[in-house]
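Please read it with the model open.

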Amino acid sequence: MRVLLDENLDWRVVRYFDPDFQVTTVSRQRWKGMRNGELLEQAAATFDALVTMDKGIEHQQNLRKYEISVILISARSNRLEDVQPAMLRVNEALREVQSGQIIHVTVK
């Protein structure tokens with residue numbers, strides 16, 4: 001599975017994805033600053049899933065119209081130490097999510 005890590009997450013989170021996922025970042029793709037609709041359109045052509053902390057994405061976009069799934073992480077902050085505890089569940093969610101679907105992963 002090809003996974004895109006949004007720019008609102010620390011790039012070092014890439015280390016915590018299961019090795020069978022191919023993960024890159026919005027920054028590496030040179031897509032920084034794109035609006036959500038444009039980002040989803042571009043990403044859907046190449047990636048299977050977007051991992052983000054952008055809570056507005058599900059309310060601003062009709063995700064079913066894109067051939068990509070979204071994993072939305074809710075944590076205290078986007079700092080690595082706050083997001084890393086969610087990564088076990090993120091990896092599980094990536095295995096079950098369907099195209100056009102969003103799965104919420106919350107760190108308590």
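1. Make-up. The protein has 4 helices and 5 strands. Helices are DSSP runs of H or I with at least four residues, strands are runs of E with at least two, and both are numbered from the N terminus. Starting at that end, the order of elements is β-β-α-β-α-β-α-α-β.

2. Basis. This is a predicted model, in which local features need pLDDT of at least 70 and side-chain atom pairs pLDDT 80 or more, while totals for chains, interfaces and linings use all residues. Residues are numbered from 1 along each chain as its sequence is written, and side-chain values use heavy atoms, without hydrogens and water.

3. Overall size. The C-alpha atoms fill a box of roughly 30 × 30 × 25 Å along the principal axes.

4. Of the 108 residues, 49% count as buried. Buried means under 20% relative accessible area, exposed over 50%, and partly exposed in between, with a 1.4 Å probe and protein chains only. A contact means heavy atoms within 4.5 Å. Among contacts between residues at least 6 apart in sequence, 54% join residues at least 24 apart.

5. Neighbours of β3. Strand β1 (residues 2-5) runs parallel to β3 and is joined to it by 3 bridges. Here L4 stands opposite L50. Strand β4 (residues 69-74) also pairs with β3 in the parallel sense, over 4 bridges. The bridge partner of V51 in β4 is I71. Two strands pair if DSSP finds at least two bridges between them.

6. A surface position. E41 lies in helix α1, residues 36-44. Is E41 buried or exposed? E41 is exposed, because its relative accessible area is 52%. K65 is 24 residues from E41 in sequence, and their C-alpha atoms are 9.4 Å apart in space.
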